[in-house]
Structure formats: C-alpha cells, structure tokens
Amino acid sequence: MSGTRPDRRPPGWRGGALRPKTALWPGTRWALARAWETSPRVLAGVVAVAVLRGLIPAGLALSARGIVNGAVAGVGAVAGMGAVAGTGAVAGAGALARMGELGPLAPWLALGFALTLLEGLAGLLAPLLRTRLRDGLGIRLTGELLAHAATLDLVFFEDPRAQDLLQRAKDNPAGHVTSGLVNAISAISTGVQVVSLLAILVAIEPWVAVVLLILALPYLVQQWRLAADQHALEHARTTQRRWTGYFMSTLTGAATAGEVRLLRLAPLLGARFAALMEEFRRQDWRLALRGARRGAGFVTLSTTVVYAAVVHVAWRALQGGVSIGDLAIFGAATARLRLTLETFAGLAGATLTESLAIADVMAFLAERPRRAAAAPAVTPLPAPARGEIELRAVRFTYPGAAAPAIDDLSLHIAAGETIAVVGENGAGKTTLVKLIAHLYEPDAGTILFDGVDLRALAPAALHEQVACVFQGFGRFEASAADNIAYGDWTRLLDDRRGVEAVAQQAGVAALIEALPRGYDTSLGRGFGETDLSAGQWQALAVARAFARPAALLLLDEPTAHLDPRAERALLEQFRVLAHGRTTILVSHRLTTVGLADRIVVLHAGRIVEVGTHAELLARGEHYATLHALYERRGPGAEP
C-alpha cells in the first residue's frame with residue numbers, strides 16, 4: 001500500500017512564498033467559526049462593543065459642534081442685547097441672564113456626557129470580553145490540537161519537516177485566533193470610525209477626505225506587505241527556532257547536564273545559541289526599520305495635509321463661509337481621521353499576520369495519517385484475539401531516506417509463538433516491531449492480525465491487544481503505581497491491589513517497596529521526589545507491558561539496561577509471563593533470544609535466516625557469525 005502525503009503547507013503557499021490574499025479570508029473565517037462554536041455570546045459582545053466604540057468618536061464630534069455653535073450663538077445674542085440697552089448696568093444684567101440659560105446646550109452636553117461615559121465603560125468591557133474569549137478558545141484549540149496529534153502516525157513526529165509544522169501550530173494557537181478576531185473586529189470598528197468621520201468632513205470640505213484616502217491606500221498596502229514579510233520570515237526560521245529550544249534544553253536539562261559539564265560544551269552551545277539569536281535580532285531590526293520609514297512618510301504627508309486643511313477652513317470661518325462650530329469639529333475630526341487611518345492600516349496588517357499564523361494551525365489540523373489514505377471499511381477484531389501475525393511483502397522507507405528500512409519482508413508468526421528478532425544496528429528490527437504495532441504504515445505489502453488487515457482495524461481496537469516495551473521506553477513523571485497502571489490505566493489506575501499483583505509477577509515489587517513512599521513515590525527529576533537508574537526504569541517499563549492482558553507482546557531490548565542478576569531474574573519469569581501470548585522479542589543479547597521458539601535474522605531490512613538457535617548455529621551463516629562475536633566480547637556485549 002502506498003499513500004500520498006497531504007500537503008503540509010498552509011493555505012496561500014506557492015513557490016516558496018505566502019500569498020496573503022488567499023490566506024486572509026480562510027484564516028479569519030475559520031477563527032470566526034471556532035469562536036462562535038466556543039462562545040457565541042462572548043463573540044457577539046466583542047463585536048457589539050467594537051461597533052459601539054467605532055461610532056462614539058463621530059458622536060462626540062457632533063456633540064462638540066453643537067456645544068460650540070450654541071455657545072457662540074448665545075454669546076452673540078447677549079452682546080446684541082447689551083448694545084440695544086445702551087448702559088453698562090443693563091448690559092451686564094442681560095448678559096448674566098443669558099449666560100445662565102443653558103437650555104439650548106443641554107441636549108449636546110447630555111449627549112457628550114453619555115458618549116464619554118460609554119467610551120470609558122466600553123474600554124473596560126472590551127478587554128474583559130477578549131480575555132473570556134481567549135481563555136475559552138485556549139481550552140478548545142489546545143484540546144483539539146492534542147487530540148489530533150494522537151491520531152497521526154508515529155513517523156510524522158520523526159520527520160523534521162513535520163516538526164516545523166507542529167512547532168508553528170502549537171505556538172500559542174488560542175492567542176493567534178483571539179488576536180486575529182480582535183484585530184479584524186477592531187479593524188471593522190476603526191472602519192466605522194473612518195466612514196463616520198469622512199461623512200462629517202465631506203460636509204465641510206470634501207477634498208480633504210479624498211486626499212487623506214489617497215495617502216492612506218499606499219500606506220495600507222505597505223503595512224499589508226510588511227505583515228506578510230514578517231510571517232514569511234518567521235515561517236522560514238522555524239527550524240532555527242527549534243534549534244534555540246534544543247540548545248536551551250541541552251544546557252539546562254538534567255539528562256544532559258553532567259555530560260555538558262564534563263565535555264565543557266556550554267561555551268560552544270551557548271555561542272551557537274547566541275549566534276542564532278543575533279541573526280534573529282538583525283532580521284527583525286531590518287524589518288522594523290523598513291516599517292518605521294514607511295510610517296514616517298505617511299505621518300509626515302498626512303499631518304501636512306491635515307494642517308493645511310485646518311488653515312483653509314479657518315480662513316473660510318473668518319470669511320463667514322462656515323461656522324465656528326464647523327471649524328472646531330473639522331480640526332478635531334481631521335486629526336482623529338489621520339490617526340484612525342494609521343490605526344486601520346496597522347490593524348489590517350496585524351489581522352493578516354494572525355490569519356497567516358491561523359493558517360499554520362489549519363495546516364496541522366488538516367494533516368492526515370497514512371492509514372487514513374488506505375480507505376477501507378473498519379473491520380471488527382475477531383474475539384477472542386489470538387495474536388497471529390502475518391507479513392506479506394512489506395516495505396517501509398523513512399521520510400527522506402535513500403533506502404527502505406524494511407524491504408519485501410514476509411513472515412508468519414503463529415498465535416502464542418515466541419519469536420526473537422536479531423541483527424546488527426540498522427537492520428530494521430525496531431522498525432519491524434513498530435510496523436506490526438501499526439505505529440507505522442507500510443509503503444507496500446500487507447500486515448495481518450488474526451487474519452485481518454491492520455488497515456481495516458480501528459487503531460484503538462488493535463492497540464488494546466498489544467503490549468510493548470520499546471528502546472525509548474517511557475519514564476513517566478508519576479507515582480510508581482501509576483507507572484505500572486498506565487499499561488492498562490482504564491482498569492488499573494484505581495486498583496492498587498491489581499498494580500501490586502502485576503509488580504509481584506514482573507519482579508519489581510521489592511524495588512518499589514524500597515522507595516521512600518513505596519507505590520506512592522513520585523518518580524522523575526522534573527516533578528518527582530526520586531529518580532531511578534536506567535535499569536530500574538526499564539524494569540518498570542517491562543512491568544507496565546505485562547499489566548495489559550494483550551494477545552501480542554512486543555519487547556524491544558527489554559533487558560538492555562539490566563544488570564546480569566536482574567536480567568537472569570526477568571528471564572526466569574519470562575516464559576510464565578509470556579504464556580499464552582504471541583511474543584516478538586528484539587535483543588542484541590543472545591542469552592535472551594535463546595528463549596524463543598524461532599529466531600528471525602534481519603540484515604538491511606530483509607530476512608536472511610529463520611530457525612532455532614541450534615539450527616542457525618549449525619548452518620554457520622549470519623547468525624553463527626553474530627553469535628561468535630557475542631561469545632568473544634562476553635555476555636552483555638552487542639554483536
């Protein structure tokens with residue numbers, strides 16, 4: 001079987017560059033849909049507050065105009081009465097009387113007060129709603145990303161290119177979605193401000209609005225391009241970002257601290273980290289300077305236009321062409337419009353930036369496992385499961401590899417049989433085990449479990465019948481009891497007696513009981529109180545494998561970290577523990593493989609020999625050579 005890998009590139013990618021026009025709307029639409037599904041009322045509140053805040057500036061400008069015009073009219077009326085009265089006393093009394101009559105100004109004053117109060121309250125409410133929306137999206141999107149990651153093939157996580165995609169997707173997805181939505185909504189709000197302010201200016205001096213728009217359009221395009229370039233830069237240096245994380249973890253991690261100090265690697269790795277960060281700084285600075293230069297040009301030209309317009313309208317006011325209130329509102333509105341246009345351009349660029357980041361999240365969620373490309377109907381596993389395995393002409397190649405790791409391999413393993421797989425490093429032993437566990441999807445050929453093609457089985461149904469210990473076994477930051485219970489956690493997590501029974505069977509009860517708090521001891525250096533040796537961790541991993549009553553047992557170097565005494569103790573229990581299960585045992589230690597019913601010898605991804613220990617030695621071929629090397633190097637050595 002061969003499957004075509006899905007395109008991992010985000011929407012809008014062509015020829016090594018991101019196309020912003022095609023990325024903006026899909027990302028924004030996807031974010032809106034996720035936000036509406038998560039918190040429809042909160043999203044509606046965010047939109048309502050944004051629209052309200054967009055209308056308030058124009059309302060305040062109209063209020064100011066009404067107040068100024070009303071005050072000017074009132075002052076003029078009082079001055080006229082004083083001239084008619086002809087005496088200072090009468091004029092003064094009339095002026096005081098008229099100045100006390102604020103009735104005509106009351107509606108405008110009330111409107112200004114109400115709008116100012118609303119603006120302040122909306123400014124307090126907006127961040128509350130955004131926080132609520134971001135938190136809800138954070139829970140939803142993080143859960144969605146983790147759940148989707150669990151569906152992907154193991155080979156996906158072993159592909160460096162896929163790691164770049166994963167890095168971009170998990171880089172604050174909720175923050176990107178929330179910021180993208182807030183920026184888009186704020187851009188709409190700012191657009192409402194622009195339209196309302198333009199309506200006021202057009203009524204007083206139309207040409208000003210036209211000139212400002214002409215100036216704003218190039219600036220908007222520049223901000224758009226700047227945002228696209230910024231994201232393209234971040235997209236291109238994802239691998240280097242992962243390198244900086246690697247240097248940080250290597251220099252500060254407990255697992256590497258000793259070797260780093262003994263080899264004095266800190267100056268070397270620190271210098272490489274600093275070189276990457278310095279390159280990031282130079283790139284960011286060049287981009288920031290470019291944006292500042294473009295912004296300075298817009299600010300200079302737009303400010304010049306605004307003040308020239310204010311001078312012109314002031315001259316018209318002196319000539320009686322417009323009212324003093326018109327002059328006041330024009331000056332305030334033009335200055336506000338210039339700032340609003342600048343803000344709108346910035347928000348448009350920020351929205352594009354977040355939309356491109358959202359496209360990275362969408363690209364990861366669009367990734368599909370290879371098994372999904374096979375497209376057969378799911379078949380139930382025969383009950384009870386027996387663990388019979390058959391491989392037919394199986395081939396598998398790692399992404400980017402020049403040669404297949406498994407090539408045209410056929411093998412039948414009877415139910416309940418114990419098979420040992422041996423071979424030099426790189427022969428394909430671990431790859432074979434992971435193919436049988438359906439952690440990898442073969443590029444060609446078929447693997448059957450109890451006569452059913454693995455591609456037709458639901459992965460969860462298959463994995464319930466598989467227990468395993470891999471070379472990179474888990475060292476879970478959890479209690480000693482949980483480290484065993486994880487092998488069948490739905491049954492054992494709250495069953496201490498069951499966990500203790502498994503520990504007794506696997507021979508690790510004495511190890512656990514010697515810990516400070518026994519089964520409740522928290523293990524690991526990250527969060528735990530006690531760490532274990534590599535051999536002790538492996539002993540727990542073996543116990544975890546036996547905790548699951550599975551039909552198939554996969555053991556990849558199960559005694560690699562055990563001392564001879566611990567290895568002997570495990571081997572003595574091995575046949576009892578594996579009774580009734582099909583067992584595939586990968587090991588370099590030929591004392592271990594001697595327990596197998598048959599031995600399969602791999603070389604360059606192919607089976608070169610199959611037989612019992614005695615039969616293979618009698619043939620004097622590949623296995624006999626490995627055995628001779630093993631004997632010369634001594635027990636525990638690799639062939």
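Reader: R241 first. Is it buried, exposed or partly exposed?
Author: R241 is partly exposed, because its relative accessible area is 31%. Bear in mind that this is a predicted model.

Reader: What does R241 form a salt bridge with?
Author: With E234. Their closest N and O atoms are 3.5 Å apart.

Reader: Which other residue pairs with E234, and at what distance?
Author: R237 does. In that salt bridge the closest N and O atoms are 2.6 Å apart.

Reader: Why would these side chains pair up at all?
Author: Opposite charges can pair when the charged atoms of the side chains come close.

Reader: Switching to helix α2. Where does V42 sit, and what does it touch?
Author: V42 belongs to helix α2. Leaving out residues up to four places away in sequence, V42 touches L129, R132 and L133.

Reader: How far apart are V42 and R132?
Author: In sequence, 90 residues. In space, their C-alpha atoms are 7.3 Å apart.

Reader: Is V42 buried or exposed?
Author: Buried, because its relative accessibility is 14% and the cut-off for buried is under 20%.

Reader: What about S63?
Author: S63 is in α2 as well, which spans residues 40-85. S63 counts as buried, at 2% relative accessibility.

Reader: Which residues does S63 contact?
Author: W108, L111 and G112, once neighbours within four places in sequence are set aside. With G112 there is a polar pair: a polar atom of the S63 side chain lies 3.3 Å from the backbone nitrogen of G112.

Reader: Now the surface. Which residues form the nonpolar patch?
Author: F113, L117, L121 and L124. Together they have about 450 Å² of accessible area.

Reader: Which helix holds L124, and is it buried or exposed?
Author: L124 is in helix α4, residues 106-149. L124 is exposed, because its relative accessibility is 60% and the exposed class starts over 50%.

Reader: Last one, α18. Which residues are buried there?
Author: α18 covers residues 496-506, and G498, V499, V502, A503 and A506 are buried in it. They span an arc of only 140° around the axis, so they lie on the same side of α18.

Reader: Which exposed residues are on the face turned away from that side?
Author: R497 and Q504.

Reader: And what comes just after α18?
Author: G507, with a positive phi of about 80°.

Key
Residues are numbered from 1 along each chain as its sequence is written. This is a predicted model: local features need pLDDT of at least 70, side-chain atom pairs count only at pLDDT 80 or more; totals for chains, interfaces and linings use all residues. Side-chain values use heavy atoms; hydrogens and water are left out. Patches are made of residues with over 30% relative accessible area and no salt bridge: like charges are joined within 9 Å, nonpolar side chains (Val, Leu, Ile, Met, Phe, Trp, Tyr) within 5 Å. Accessible areas come from the Shrake-Rupley method with a 1.4 Å probe; for residues, only the protein chains shown count as cover. A salt bridge is a side-chain nitrogen of Lys or Arg within 4 Å of a carboxyl oxygen of Asp or Glu. Helices (H or I, at least four residues) and strands (E, at least two) are DSSP runs, numbered from the N terminus. Buried means under 20% relative accessible area, exposed over 50%, partly exposed in between (1.4 Å probe, protein chains only). A polar contact is a pair of N or O atoms within 3.5 Å; within protein, one must be able to donate a hydrogen and the other to accept it, and residues adjacent in sequence count only if both atoms are side-chain atoms. Contact means heavy atoms within 4.5 Å. The arc is that of the directions from the helix axis to the C-beta atoms.
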